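Subject: Structure for your review

Dear colleague,

Please find below the structure that I am handing over to you. My findings come after it.

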Amino acid sequence: MTELRELAKKLLAEGAAKVVIGWEEGPRGVRPAFATDAAAADRLVFDARCAHDLAPYLDRRRVHVAKLGRPAVVVKPCDARAVAGLIRETQVKREDVVLVGVRCGGVLADPEAGGTLSADTIADRCRTCDSRETALADHVVGTPVEPLAAPSRRDARVAELDAMTPAQRWAFWQGELARCTRCNACRQVCPLCYCDRCMADKTQPQWIESSPHGRGNLSWHLLRAIHLAGRCVDCGECERACPSGIPLGLITRKVASVVADRFGHKPGDDPAVPSPIGTWRSDDPQEFIL
Amino acid sequence: MEGTATATGFEPRITAFVCNWCTYTGADLAGTSRLQMAANTRIVRLPCTGRIDPAFVIKAFERGADGVIVSGCHPADCHYTAGNYHARRRFAVLRELLSFMGVDERRVTFSWVSASEGAKWRDVVNGAVERVRECGPFESYRALAGGV
Amino acid sequence: MMNATTISSSDLSGLAADLLAARVRVAGPARASDGTVEYRHAGAPAELVLDSGVPRRSLKEFFLPPTEPLFAWRTGAGGRVELLEAPLPADPAVVIGARPCDAAGIEALDKVMGWDYRDEPWFARREATTIVSLACAGFDRSCMCTSVGLAPDTTKGSDLLLVPIGGGAFRAEVVTAKGARLVAAYPARFRPASGEAEAEAFRKAAREKVAASAPPAADPLRPWLDAHFDHPLWREASLRCHGCGACAAVCPTCHCFDIVDEPETVGTGVRRRNWDTCQTPRFTIHASGHNPKNDQPARIRQRVLHKIVIYPKKFGEMLCTGCGRCSRACPGGMDLPEVLARIAALAGGAQ
């Protein structure tokens with residue numbers, strides 16, 4: 001990935017950035033990297049194993065990362081949508097970050113397993129992704145790639161769930177959420193979950209119980225999905241991070257389809273386009289309202 | 001824990017989140033007009049449907065409500081101009097997500113009821129009570145926590 | 001009291017069936033709905049999957065559940081509060097196929113659970129549960145049991161240790177009186193001991209495999225760590241950490257918990273204890289608003305030191321059992337063997 005490394009070294013040498021946040025080889029495969037010098041920049045990689053969304057590292061609360069100085073962050077098109085969300089919601093100023101867009105043909109569903117990208121191994125969100133490179137970038141690197149388009153397996157699973165009775169869906173989610181221990185990994189890795197005081201952490205009153213029983217878990221995942229409606233960019237980090245294998249991607253996919261169907265909106269990489277929740281049209285559909 | 005049993009069976013417990021300016025006033029009109037309607041609702045008054053956080057609906061179910069009604073001003077009539085427009089989008093998402101996670105959508109009723117629509121409020125309430133009665137008690141949400 | 005027997009895999013399956021028929025709960029590695037193997041209660045012997053490496057989460061949840069009711073309250077007439085204590089768990093249970101690193105973690109936790117007061121629910125479950133471990137062949141490069149004074153065939157925490165001897169059979173080594181009682185209760189399943197040489201060969205190969213990729217031993221690093229509390233290594237190590245707590249969730253020995261009071265109806269409610277993690281930003285926040293562990297470097301340092309410095313100081317044994325799960329689970333690429341290797345390099349240089 002010479003082009004990326006040379007650009008990273010150039011940004012550091014010219015002082016355009018004090019740290020280039022990208023990916024590097026780690027003991028268990030590719031992982032986030034924080035290159036502050038040429039030697040580290042020379043270790044940056046980009047390939048189909050780079051599933052991690054690096055946008056969370058721009059969160060102002062990560063003081064130890066912010067202390068490294070002005071960041072340049074390498075973004076796939078989905079990551080750029082997350083950064084656009086942060087800019088749109090005034091968490092990051094566009095001029096405070098250098099964005100290095102990387103041309104992407106998809107990432108692996110199991111980055112640690114490695115292997116070649118194929119219809120079987122590609123991440124579900126990449127199957128229907130129509131962005132090859134982002135417009136929200138100061139530089140774009142990489143060779144143009146044709147995407148491996150395929151129908152989304154999650155869409156099929158969501159359709160199966162939609163066809164079930166409410167009682168069947170209840171049983172399904174109670175079964176899956178029984179494994180949730182409320183470790184909050186899904187929240188911590190999410191680029192758009194940046195609230196300094198999460199609603200689930202509030203205790204006067206306790207809106208969302210912190211206990212990992214069925215009631216607390218259902219309420220938590222419901223509320224998080226609602227708070228992310230129109231904002232979630234489907235980066236897949238929540239499901240990847242979940243140590244208990246809960247199919248959170250089904251919830252994110254459902255929310256995205258509701259927002260797309262009802263409000264004609266898909267999160268994009270233009271910070272100027274407003275979020276669908278927080279805006280409205282006088283002719284919004286209201287067939288469900290008596 | 002069931003609601004008060006009557007001769008015909010289960011009486012749903014419905015929590016209604018309504019806006020002060022339209023639906024609350026409309027409900028008051030229903031009362032002063034002595035319209036007969038089901039007595040299963042507890043009304044929570046808010047300034048505007050825009051104030052209704054989806055967490056209120058979730059909390060009501062957690063606390064044992066069998067059904068929820070959410071009601072406010074018709075579009076273009078909001079006392080705060082656009083609160084109900086914001087709410088409309090939020091409710092659309094809330095409703096579909098609740099259903100996706102297995103909450104029967106008959107348990108949640110959304111309506112626009114103006115200050116002069118006492119009769120409509122009666123119809124909304126009666127309709128909601130019947131739909132929720134069909135669904136049965138919703139103990140399962142509260143009971144998810146388990147006891148000692 | 002180390003005596004041994006042999007048990008074939010069909011007899012092991014039969015033992016599980018016997019236990020289930022006797023209304024003893026059987027837990028072991030089994031597939032979750034997403035296909036991944038984790039420790040679960042088995043409804044039938046066929047559910048147990050004994051040949052697939054390290055289960056996703058640890059054994060601790062069978063002794064310290066993610067959420068546990070402590071008591072219920074009811075406010076009665078005159079403001080009197082009645083408490084209804086949760087009954088102590090007493091269901092007999094046998095774990096079949098525990099990883100030795102997980103069993104060792106349970107025994108390590110006995111110290112803190114019996115330290116300043118006796119944690120009754122923990123010990124009730126401990127007393128009711130027999131742990132039958134399956135010696136490990138060594139799983140992947142994140143394994144580091146040999147670096148923390150253990151081994152893939154350690155008997156620490158196990159009541160019975162099964163070592164594969166070929167042909168689907170196991171040499172079953174009795175470690176504790178509880179293990180002996182299990183063997184004595186189901187004599188039809190256990191045959192005279194055999195396969196001593198095969199068992200030894202398995203154990204030796206496993207130890208060598210893990211040791212070959214494991215980081216330097218953790219214990220000798222303690223003096224350096226004590227003397228370099230403010231070292232910049234923690235800042236570097238924590239950059240990629242999301243503070244997500246996945247590591248604590250899967251760890252066999254992380255045991256911090258939160259206590260919450262949850263109202264149910266007017267005047268009633270339940271007090272529960274829930275898993276918590278020192279990795280989240282608000283774990284150490286005070287009522288004043290001051291947070292002594294205010295950034296991720298401090299929190300990462302806390303976690304590692306607790307495992308290999310603080311717990312040994314207090315209780316005489318490592319809290320980390322080298323299972324490798326934290327490195328596997330971390331979405332940000334944190335790697336404990338890497339951290340230890342770095343510390344060893346720094347400590348070696350300092351000498």
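The notes that follow describe domains, chain contacts, helix packing and strand pairing.

Please bear in mind that this is a predicted model.

**Domains of chain A**

Chain A falls into two domains, with domain 1 covering 2–141 and domain 2 covering 153–263. Taken over C-alpha atoms, their centres lie 25 Å apart. The contact between them draws 16 residues from domain 1 of chain A and 15 residues from domain 2 of chain A. On the side of domain 1 of chain A that touches domain 2 of chain A, the elements giving two or more residues are helix H4 (77–88) and helix H5 (124–127) of chain A. H4(A) contributes the most to that side, with 6 residues. By class, the side of domain 1 of chain A that touches domain 2 of chain A holds 7 nonpolar, 2 polar and 7 charged residues.

**Helix packing around H9 of chain A**

Helix H9 (residues 214–228) of chain A packs with helix H7 (residues 166–177) of chain A at an angle of about 105 degrees, and the two axes are 10 Å apart. Angles of 65 to 115 degrees count as roughly perpendicular, and H7(A) and H9(A) are therefore roughly perpendicular to each other. From H7(A), the residues Trp173(A), Gln174(A) and Leu177(A) meet Gly214(A), Asn217(A), Leu218(A) and His221(A) of H9(A). This contact of H7(A) with H9(A) comprises 3 nonpolar, 4 polar and no charged residues.

H9(A) also packs with a helix of another chain, namely helix H2 (residues 54–62) of chain B, at an angle of about 165 degrees and with the axes 10 Å apart. Since angles over 145 degrees count as roughly antiparallel, H9(A) and H2(B) are roughly antiparallel to each other. The crossing of H9(A) past H2(B) is right-handed. H9(A) brings Arg215(A), Ser219(A), Leu222(A), Leu223(A) and Ile226(A) to this contact, while H2(B) brings Pro54(B), Ala55(B), Ile58(B) and Glu62(B). By class, the contact of H9(A) with H2(B) has 6 nonpolar, 1 polar and 2 charged residues.

**Domains of chain C**

Chain C is likewise divided, into domain 1 (4–211) and domain 2 (220–350). The centres of these domains, taken over C-alpha atoms, are separated by 25 Å. In their contact, 37 residues of domain 1 of chain C face 29 residues of domain 2 of chain C. Strand S4 (67–75) and helix H2 (100–113) of chain C each supply at least two residues of the side of domain 1 that touches domain 2. The largest share of that side, 9 residues, comes from S4(C). Its residues divide by class into 20 nonpolar, 8 polar and 9 charged.

**Contacts of chain C with the other chains**

Between chain C and chain A, 42 residues of chain C are in contact with 33 residues of chain A. Several elements of chain C each supply at least two residues of the side that touches chain A, among them helix H7 (233–238), helix H9 (296–315) and helix H11 (336–350). H8(C) provides the largest share of that side, with 4 residues. The side of chain C that touches chain A has 14 nonpolar, 15 polar and 13 charged residues.

The contact of chain B with chain C takes 5 residues from chain B and 9 residues from chain C. On the side of chain B, these are 2 nonpolar, 3 polar and no charged residues.

**Strands of chain C**

An open sheet of 8 strands in chain C has mixed pairing and the order S3-S2-S6-S7-S8-S9-S1-S10. Its edge strands, each pairing on one side only, are strand S3 (37–42) and strand S10 (191–192) of chain C. Within this chain, strand S7 (residues 129–134) and strand S8 (residues 160–166) pair in the parallel sense over 3 bridges, and Leu134(C) has Leu162(C) in S8(C) as its bridge partner. Helix H5 (residues 196–213) of chain C packs on the sheet and touches S8 and strand S9 (169–174) of chain C; its direction makes about 100 degrees with that of S8(C).

Strand S11 (residues 257–263) and strand S12 (residues 268–275) of chain C run antiparallel and are joined by 7 bridges. Pro263(C) has Gly269(C) in S12(C) as its bridge partner. The hairpin of S11(C) and S12(C) has 4 residues between the strands, and Gly267(C) takes a positive phi near 85 degrees there.

Yours sincerely

Definitions and conventions:
Residues numbered from 1 in each chain as written. Chains lettered and ligands numbered in written order. Predicted model: local features only at pLDDT ≥ 70, side-chain atom pairs only at ≥ 80, totals over all residues. Domains from an automatic or database assignment. Contact = placed C-beta atoms within 7 Å. Nonpolar A, V, L, I, M, F, W, Y, C, P; charged D, E, K, R; others polar. Pairing = 2+ DSSP bridges. Axes fitted to C-alpha atoms, helices over the stretch in contact; angles between N-to-C directions. Parallel < 35°, antiparallel > 145°, perpendicular 65-115°, else oblique. Left-handed = near helix turned anticlockwise from the far one by under 90°.
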